[in-house]
Amino acid sequence: MNTKQSEVWKKLEKHAHESKTVHLREAFKQDDKRFDKYSINFNNMLFDYSKQRITEETMSLLLELAETSDIEKWQDKLFQGEPINHTENRSVLHTALRDFSESKLIIEGNDIKADIEIVLKKMEAFIERIHSGKWKGFTGKSINTIVNIGIGGSDLGPKMLYNALKPYHEPGLKVHFISNLDGADLAECIAKIDPETTLFTIASKTFTTLETLQNAHTARDWFLRHSHDEAAIAKHFVAISTNTKSVAEFGIDTDNMFEFWDWVGGRFSLWSAIGLPLALGIGMEHFNSLREGAFSADIHFKAQPFEKNIPVLMALLGIWNRNFLNAETLAILPYDHALSQFPDFLQQLEMESNGKSIDREGESINYDTNPVVWGATGNNGQHAFFQLLHQSNTLIPIDFIGSVNSAYSLKGHQQRLFSNMTAQAEALMHGKTEDEALEELSSEQKHLSPYKVFKGNVPSSTLLFKNITPHSLGMLVAFYEQKVFVQGAIWNLNSFDQWGVELGKKLANEVLDDIVSNDKKNMHDSSTEGLMSYFKSNFMDDIAL
């Protein structure tokens, strides 16, 4: 299926060309009900998309695009466990991990919800032993520090949510996340922890991930230099994996291996045992609240008609901006310090899922797919990159994310933070005309008017929560997951594989072979050869931690 050749796609292209002169400033003047038309309240969250460059005709055509893309059919396939990850012949069932309904889900004769419940109960019992102090380290002390070693989906989601939910942290327990192969990441962490009271969670589905295993073995060596007893590893290391053999060879008691499955994609896996360090950090009750929030988003996604369906609308607006307004990036700007790592999490979720140019039939496509996702906390960004958002010639759509209330009730802060977020969205939408600029200037300053003009017409959506809680964050993450899924369906992509990361891994191993060996084994280009030569001639032996 060539998405770009569909009739509705052509109509959208024509409509985009005809509406180039439409300005949001005038759209709001002409329609005082615009906010009412283009906003949705759901479960203590407000989704306002009235500042997107849309008209009733735009939305009608985008909804037609969703209908002709068989979104409902793809929804059914997703939730029923059909192998929609066709290149790896896998189901995609992260939604089952947060399904609180009573219904069974039978895949190849097996009720996977029963399997999920077994792992959840195992997690709960383990967490209770850690929190109660019943789990003892090799010197008889209780655990007060968790170090999660993983990368990508085994790191970004749990880390982002742990840092976002600081008011819910388990007292007396600190969780660290190590992902970077750069030894500084692990070295700086180890300098702050006590081997007698630290538990390492090694998160790797196959237990073969290069970065994770390098960090895990370095942590293991460090621990053994203090414990002097390989048997003590079983008290200080647990695994989140499916590879029982490799876990046992590492020295981890396989009774302390927490399972997840091939139908859990890495970037969608925080709801599984991959969320163990998060659940340790915030408690199983709050982890389940996170899952319940995501479940409520799933119900909304399945039940609501497209015109009232938040993730479907998010997806359609993103496609309008990317494919028809030619926006190459999307800025994620949370006006909440708790969400400072949310842009990092979305970079993987969106770009690893839909940053592709081959369709489901294996054919090259002739249209753009996922934009570059970037961002930072919005208030800090105002003093860094907002100049470009306001006055450059680059169109950058924005998702503003904020909360009405803060967990930290410091007088005057939250009102000012909300005022800044709302004012920036308004300024980016409205802009400032030359006449308005001239009115503000004295006669001696009139020459400055060109510098004071803002074109405006920058499209944005705002997701505003009553409070940041485990439940609301579960909703937020699930909505973005569903958005990615819908966009993949419309772009005719497999959003659940990631073959693009394989080549770099393969070549990294070849470069490593040539660096550590005296015999050259592989051919490289002259630049790579030159870099390798410089490295080898200047490298000093590693120092053990």
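This report describes the cavities in a predicted model.

## Cavities in the model

The predicted structure contains 4 cavities of 30 Å³ or more.

## The largest cavity

The lining of the largest cavity is made up of 18 residues. Those nearest the centre are Met 314, Gly 318, Asn 321, Leu 330 and Lys 483.

Several elements each give two or more residues to this lining: helices H14 (310-324) and H21 (470-491), together with strands E10 (329-335), E12 (398-403) and E13 (460-465). Helix H14 supplies the largest share, 5 residues. Sorted by class, the lining of the largest cavity has 9 nonpolar residues, 6 polar residues and 3 charged residues.

## The second largest cavity

Around the second largest cavity, the lining consists of Trp 74, Ile 84, Arg 360, Phe 485, Gly 488, Ala 489, Leu 493, Ser 495 and Phe 496. Divided by class, these residues are 6 nonpolar, 2 polar and 1 charged.

Helix H21 gives the most to this lining, with 3 residues. Helix H21 is also among the elements that give two or more residues to the lining of the largest cavity, where H14 has the largest share.

Conventions:
Residues numbered from 1 in each chain as written. Predicted model: local features only at pLDDT ≥ 70, side-chain atom pairs only at ≥ 80, totals over all residues. Heavy atoms only, no water. 1 Å grid on protein atoms, 1.4 Å probe; cavity = no way out; pocket = protein on both sides within 12 Å on 5 of 7 lines; lining within 4 Å. Points joined across faces, edges and corners; volume = space filled by probe spheres on them. Helix = DSSP H or I, 4+ residues; strand = E, 2+ residues; numbered from the N terminus. Nonpolar A, V, L, I, M, F, W, Y, C, P; charged D, E, K, R; others polar.
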